[in-house]
Amino acid sequence: VQLHASGGGLVQPGGSLRVSCAASGSIFSINSWAWYRQVPGKQRELVAIMHEDGRTGYADSVMGRFTISRDSARNTAYLEAYSLKPEDTAVYYCNAAGLGSEGADFSSWGQGTLVTVSS
């Protein structure tokens with residue numbers, strides 16, 4: 001299963017952005033979607049997660065500003081970010097976990113998309 005992330009870019013502080021993650025390959029079901037971010041010299045941190053039943057969770061630093069969603073028919077997840085701050089600058093990675101068409105579990109990562117918040 002391959003993931004392709006897109007939508008990053010340069011945004012001014014206070015602005016908004018939506019990043020997307022499309023999954024392709026032999027997918028039977030996707031049980032969870034997650035977005036992580038990483039800045040140089042720091043560990044990758046979980047930003048948002050959506051479980052199979054639709055429950056979501058967010059890091060305290062983005063609560064109320066970021067929203068994770070999915071389009072199951074398209075095997076695609078989104079992260080909408082509002083009121084962006086310079087400290088949100090990072091490479092954003094998506095992760096999908098689920099069951100492949102041949103019955104094997106998978107957990108795949110996207111290639112990362114850079115979000116820069118700067119004036």
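Two strands pair if DSSP finds at least two bridges between them, and a strand here is a DSSP run of E covering at least two residues, numbered from the N terminus. Everything below comes from a predicted model, where local features need pLDDT of at least 70, side-chain atom pairs count only at pLDDT 80 or more, and totals for chains, interfaces and linings use all residues. Residues are numbered from 1 along each chain as its sequence is written, and side-chain values use heavy atoms, with hydrogens and water left out.

**View 1. Four strands make an open sheet.** Read across the sheet and you get β1-β3-β8-β7, with antiparallel pairing. β1 (2-6) and β7 (66-71) sit at the edges with a single partner strand each, so one side of each has no neighbour in the sheet. From one strand to the next, the twist averages 15° (axes are lines fitted to C-alpha atoms, and angles run from 0 to 180 degrees between N-to-C directions).

**View 2. Here β3 meets β8.** Residues 17-24 form β3 and residues 76-81 form β8, and the two pair in the antiparallel sense over six bridges. Look for Ser 20, which stands opposite Tyr 78 in β8.

**View 3. Asn 75 has a positive phi.** You'll find Asn 75 in the loop between β7 and β8. Its phi is near 50°, and this residue isn't a glycine. Asn 75 counts as partly exposed because its relative accessibility is 24% (buried is under 20% relative accessible area, exposed over 50%, partly exposed in between, using a 1.4 Å probe and protein chains only).

**View 4. Ser 83 has a positive phi too.** Ser 83, not a glycine either, has a phi of about 45°. Its spot is the loop between β8 and β9 (90-100). With 40% relative accessibility, Ser 83 counts as partly exposed.
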